[in-house]
Amino acid sequence: MNLKKYLERLVNNMAERNLNFDEIINRKNTDCLKYDFAKRRGMPEDVLPLWIADMDFKTSSYVEDAVIERVKHGIFGYSETGKEYFEAVAGWMKRHHNWDVEERWIIKTPGVVFALAMAVKAFTEPGDAVLIEQPVYYPFSEVINDNGRRIVSNDLVLLEDNRYHIDFEDFEKKIVDNNVKLFLLCSPHNPSGRVFTREELLKLGDICLKHNVIVVSDEIHSDFVFEGEHTVFCNVKKEFENISVICTSPSKTFNLAGMLISNIFIPDRTLRKKFRHQVDAAGISQLSPLGHAAVKAAYVNGEEWYNGVIEYIRNNRKYVKEYTEKNLPGVKVIDGEGTYLTWLDFRGTGIDYEELDRRIIYEAKLWLDSGKIFGASGQDFQRINLAAPRKIIEECMERLKGIVSR
């Protein structure tokens with residue numbers, strides 16, 4: 001059975017149902033990390049959580065139906081993916097990112113953070129320096145430190161245009177001075193929201209080629225771009241395929257993080273072999289059949305839902321920007337072109353970052369991501385997840401107003 005007929009059978013030609021993004025869904029008592037573990041994580045039990053990057057929206061109904069149909073089979077033994085899976089993934093990459101991928105490039109992992117850790121083990125030795133660009137998604141630092149490697153940061157620079165930029169001179173100097181052989185790129189960048197241009201990526205890549213640096217590009221947020229367009233790192237220049245590990249997943253795009261499945265693309269055979277060795281050494285082989293079903297349904301039939309969630313988050317972004325400018329003196333929304341996260345700069349309030357954290361948690365009763373966990377350069381900032389119904393976002397902003405405008 002070909003992929004199209006397979007998915008038509010699963011969903012019985014039903015239309016997309018889960019397009020009401022204003023619906024507030026009670027996620028409590030579902031073993032939800034975001035809502036059920038505040039006390040265990042040292043937070044008041046009644047905080048409003050907008051920290052971890054998953055959505056408070058139901059995924060596409062086509063995904064629901066595909067997973068339910070698979071569950072009805074009743075047997076959940078070892079499973080692997082075939083041609084239909086690859087066609088679904090490759091089709092999405094071609095349609096949305098103009099990227100032609102080959103089936104042999106893919107190694108499936110339980111997540112992108114797992115893949116980052118495997119890359120650190122595969123391409124460096126204990127004590128080696130690994131380059132990142134802070135402020136950056138905090139597991140980047142964790143997988144380096146926890147594997148006995150050394151963090152070197154080419155800190156992004158916040159310029160007068162209210163956007164972060166790469167200091168290319170410092171980037172190359174850090175590589176040379178520290179004998180860096182591995183660079184973890186976050187593209188689009190989390191938490192700043194920067195969607196790096198093709199020209200920026202070309203400049204980065206040429207420096208890495210010059211110094212034989214392998215680039216592991218975390219592109220998990222690549223489907224959330226509101227200005228410009230996302231460029232897959234190894235698609236910038238043919239030679240970049242020889243130094244690239246591209247990390248993708250539908251987990252952010254379709255709210256599937258709990259399905260534990262990511263697609264890691266490694267065009268170069270030697271790099272792929274080294275990476276595969278570490279994955280095998282970690283004891284990972286086949287992944288969940290429910291994850292396989294979810295990926296196929298999302299990438300083939302999820303377009304209508306995806307377009308809807310993009311527009312909804314776009315409007316949330318606009319609302320937060322306008323509200324902050326009118327009601328939060330001394331606070332700025334950093335201008336980024338992508339992700340469903342927003343990065344707020346509190347430096348203009350004069351509130352010490354430790355006091356800011358205290359007010360947010362214990363007075364506003366909000367659970368956000370404190371900027372300090374993204375590196376020293378982020379300590380006066382806060383990250384907020386905007387993938388939630390508007391009423392939740394409005395409540396968050398009203399609570400922030402109460403602690404900065406008094």
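**Salt bridges in a predicted model**

Across the whole structure, a search finds 31 salt bridges.

**Asp54 and Lys34**
- Asp54 forms a salt bridge with Lys34, in which the closest N and O atoms lie 3.7 Å apart.
- Because Asp54 sits in the loop between β1 (48–49) and α3 (61–72), while Lys34 belongs to helix α2 (residues 33–36), the pair ties together parts that are 20 residues apart in sequence.
- Asp54 and Lys34 are both buried, which means that each has under 20% relative accessible area.

**Asp335 and Lys321**
- A salt bridge also joins the side chains of Asp335 and Lys321, with an N to O distance of 2.8 Å.
- This pair links distant parts of the chain, since Asp335 is in the loop between β11 (332–333) and β12 (341–345) and Lys321 is in helix α11 (residues 303–327), the two residues being 14 residues apart.
- Lys321 has a relative accessible area of 25% and is therefore partly exposed.

**Arg358 and Glu363**
- The side chains of Arg358 and Glu363 meet in a salt bridge at 2.7 Å, taken from N to O.
- Arg358 counts as partly exposed because its relative accessible area is 34%, and Glu363, with a relative accessibility of 34%, is likewise partly exposed.

Definitions and conventions. Residues numbered from 1 in each chain as written. Predicted model: local features only at pLDDT ≥ 70, side-chain atom pairs only at ≥ 80, totals over all residues. Heavy atoms only, no water. Salt bridge = Lys/Arg side-chain N within 4 Å of Asp/Glu carboxyl O. Helix = DSSP H or I, 4+ residues; strand = E, 2+ residues; numbered from the N terminus. Buried < 20%, exposed > 50% of the residue type's maximum accessible area, 1.4 Å probe, protein only.
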